[in-house]
Amino acid sequence: MTKLHIVVIFAVVVFATSLENKCNVPPEFWCSSEEVARDCQVTEQCHRYYEPKAKTDKVQLTLYFESLCPDCKNFFRSQLTKTYTALSDIINLTLVPYGNAREEKDASGKWNYTCQHGEDECVGNLIETCAIHLLKNISVYFPFISCIEHDQFGTPQFSAKKCAKQQGIDLQPIMDCSTSSLGNSLEHQMALKTEALNPPHKYVPWVTLNGVHTEEIEKKAEADLTALICDTYKGSPKPAACNKKTGLHHSWREF
Ligand SMILES: *[C@@H]1O[C@H](CO)[C@@H](O)[C@H](O)[C@H]1NC(C)=O
Ligand SMILES: *[C@@H]1O[C@H](CO)[C@@H](O)[C@H](O)[C@H]1NC(C)=O
Ligand SMILES: *[C@@H]1O[C@H](CO)[C@@H](O)[C@H](O)[C@H]1NC(C)=O
């Protein structure tokens, strides 16, 4: 090897290293991104700078619904499942299965629920509420609840059985929860969340976007939820699914 060879190799190595290590910026930029902070070995110190931004980036979407309402099922089928599947990285989705139900404390101190579409609907709300609580991971419970809501004719018990089997979910603990005092009090939390809405809900499905409900938001959510989420999301780059044009849909709701 000549001296020149050595110099060339050295230059290449230095160049390659500088490409790989992103800590090639002045100290005031060390917290500019997670990668730079990592390469500068200041992850701990920088956390509070990029953490809040990463959190507020997600669009907060909450759906107030009830298990057997045809309009809610339509919302899952025509909008929510497709949009959430494509955009789960930028949506913080909260499901509140209660809707137009009513609750009353009975003599034993338990809550007695009365549902718009009959007793089966209360059972469905409880199954879904217990699934959220027990499965914990929305990547697991969203497909399960979505599958139940896509079922047009079965009872919630029947749909839950079918969907659990399809998705390898252990249904027994969920069913046990749905008839237990735990399930009873979890559903009460759903009632409280629904009753805390301001303005109060007038129909279901009822959507809040970043905590806000307006007629305009609701109409957009029911017509093209993907576009609504993509327009609301301020982070960049936007996910690829935001660049596709989607058709408009009819909207449905139940009073
Ligand atoms: C997601 O929403 C829940 C409320 O349903 C909230 O407690 C949580 O902080 C949110 N998380 C993010 C990352 O926005
Ligand atoms: C629950 O409420 C319904 C409707 O108000 C009522 O008919 C029923 O007796 C109540 N059940 C219990 C256990 O209190
Ligand atoms: C949630 O479930 C998904 C899909 O099964 C899995 O990839 C992911 O690691 C889980 N997340 C947590 C925090 O367990």
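Predicted model: local features only at pLDDT ≥ 70, side-chain atom pairs only at ≥ 80, totals over all residues.
Local features require pLDDT of at least 70 and side-chain atom pairs count only at pLDDT 80 or more, whereas totals for chains, interfaces and linings use all residues. Residues are numbered from 1 along each chain as its sequence is written, chains are lettered from A and ligands numbered from 1 in the order in which they are written, and side-chain values use heavy atoms, with hydrogens and water left out.

The protein chain contains 10 helices and 5 strands; helices (H or I, at least four residues) and strands (E, at least two) are DSSP runs numbered from the N terminus. Of its 255 residues, 42% count as buried, where buried denotes under 20% relative accessible area, exposed over 50%, and partly exposed the range in between (1.4 Å probe, protein chains only). The accessible surface of the protein chain amounts to about 14,600 Å², and carbon and sulfur atoms account for 58% of this surface. Accessible areas come from the Shrake-Rupley method with a 1.4 Å probe, and for residues only the protein chains shown count as cover. Among contacts (heavy atoms within 4.5 Å) between residues at least 6 apart in sequence, 67% join residues at least 24 apart.

Two strand pairings were examined, a pair being defined by at least two bridges found by DSSP between the strands. Strand 1 (residues 59-65) and strand 2 (residues 91-97) run parallel and are joined by 7 bridges. In this pairing, Phe65 stands opposite Pro97 of strand 2. Strand 1 is largely enclosed by the rest of the structure, because 6 of its 7 residues are buried. Strand 3 (residues 102-105) and strand 4 (residues 111-114) run antiparallel, with 4 bridges between them. Lys105 stands opposite Trp111 in strand 4. These two strands form a hairpin with 5 residues between them, and Gly109 in the turn has a positive phi of about 90 degrees. In a regular strand, side chains alternate between the two faces of the sheet.

The structure holds 5 disulfides, a disulfide being a pair of cysteine sulfur atoms within 2.5 Å. One of them links Cys69 and Cys72, with the sulfur atoms 2.2 Å apart. The Cys69 and Cys72 link is right-handed, with 90 degrees about the S-S bond, and both Cys69 and Cys72 are buried. Another disulfide connects Cys115 to Cys122 at an S to S distance of 2.1 Å. The link of Cys115 and Cys122 is right-handed, with 120 degrees about the S-S bond. Cys115 counts as buried because its relative accessibility is 12%, and Cys122 is buried with a relative accessible area of 5%. A further disulfide joins Cys130 to Cys177, with an S to S distance of 2.0 Å. The link of Cys130 and Cys177 is left-handed, at -75 degrees about the S-S bond. This pair links distant parts of the chain: Cys130 lies in helix 5 (residues 119-135) and Cys177 in helix 8 (residues 171-178), 47 residues apart. Cys130 and Cys177 are both buried.

The surroundings of two ligands were also examined, with a residue taken as near a molecule if one of its heavy atoms lies within 4 Å of it. Ligand 1 has Gln60, Asn92 and Thr94 around it. Polar contacts are pairs of N or O atoms within 3.5 Å; within protein, one atom must be able to donate a hydrogen and the other to accept it, and residues adjacent in sequence count only if both atoms are side-chain atoms. A polar side-chain atom of Gln60 is 2.8 Å from an oxygen atom of ligand 1. For Asn92, a side-chain N or O atom lies 2.3 Å from an oxygen atom of ligand 1, and for Thr94 the corresponding distance is 2.7 Å. The protein covers 45% of the 360 Å² of accessible area that ligand 1 has on its own.

Ligand 3 is surrounded by Asn137, Ser139 and Val140. A polar side-chain atom of Asn137 lies 2.4 Å from an oxygen atom of ligand 3. Of the 360 Å² of accessible area that ligand 3 has on its own, the protein covers 23%.

Gln189 belongs to helix 9 (residues 181-195). This residue counts as partly exposed because its relative accessibility is 44%. Gln189 and Val96 are 93 residues apart in sequence, with their C-alpha atoms 9.2 Å apart in space.
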